[in-house]
Amino acid sequence: MTVFVKTARFIGDLDDEFYRDERQRDVWNEASAVGFQLSLWIALVAAALLPWLAGRPGAWTALGILVAWFVVSIVTQLYARQRDVDLYATAKLWRPRSAAAAALYLVGVAGIFLRLRYESHPFENDAATWAGRVVGAAVAIVLAGLVLAWSRRRTQRRLDAEDALDALED
């Protein structure tokens with residue numbers, strides 16, 4: 001076991017006797033998943049609202065919330081990968097739920113940027129500034145699409161290789 005997995009198991013208290021009973025473990029894992037997802041949604045909603053409702057202090061708080069949200073998400077995925085589970089191999093990434101989460105995230109990021117960049121009037125800009133923002137957003141969306149397509153092809157190649165190995169073993 002790597003240091004990362006050992007640390008994660010310690011933080012999650014996964015070696016406790018509690019996890020020895022299979023049904024109890026399954027129910028607790030489901031409850032933990034619900035709690036984890038709820039905390040992520042609360043973080044996204046708070047980060048989306050705070051910059052708009054609480055001004056600059058809210059923007060700084062939202063920034064901290066999004067950083068924590070990001071770290072927890074990455075560590076969760078890394079732990080799963082360390083245990084040979086790839087979230088992206090079977091999950092449908094672009095569902096309405098994912099789009100809602102992405103929208104909340106982007107509203108939060110936009111609010112943080114606008115509140116911290118512009119002291120009191122975040123929307124008083126000339127047309128060229130807004131055009132630059134629109135072009136930048138379009139480029140970011142295209143890049144994100146390319147990364148997603150690359151990731152899907154990579155996953156498909158890995159699955160095809162696994163299927164070929166399974167066919168050879170049979």
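Which residues line the second largest pocket?

## The model

This is a predicted model, so local features need pLDDT of at least 70, side-chain atom pairs count only at pLDDT 80 or more, and totals for chains, interfaces and linings use all residues. Residues are numbered from 1 along each chain as its sequence is written, and side-chain values use heavy atoms, without hydrogens and water.

The protein has a mean pLDDT of 83 (the predictor's confidence in each residue, from 0 to 100). Of its residues, 92% reach 70 or more. Helices are DSSP runs of H or I with at least four residues, numbered from the N terminus.

## The second largest pocket

The lining consists of Arg 81, Asp 84, Val 85, Asp 86, Tyr 88, Val 147, Trp 150, Ser 151, Arg 154, Thr 155, Arg 158 and Glu 162. A pocket is an open set of points on a 1 Å grid over the protein atoms alone, where a 1.4 Å probe fits, with protein on both sides within 12 Å along at least five of seven lines; lining residues have an atom within 4 Å of a point.

Helix H5 (residues 127-169) gives the most to this lining: seven residues.

## Where H1 meets H2

Helix H1 (residues 3-12) packs on H2 at an angle of about 115°, and their axes lie 10 Å apart. Axes are lines fitted to C-alpha atoms over the stretch in contact, and angles run from 0 to 180 degrees between N-to-C directions.

Phe 4, Val 5, Ala 8 and Arg 9 of H1 touch Val 75, Leu 78, Tyr 79 and Gln 82 of H2 (contact means heavy atoms within 4.5 Å).

Conventions:
Helix = DSSP H or I, 4+ residues; strand = E, 2+ residues; numbered from the N terminus.
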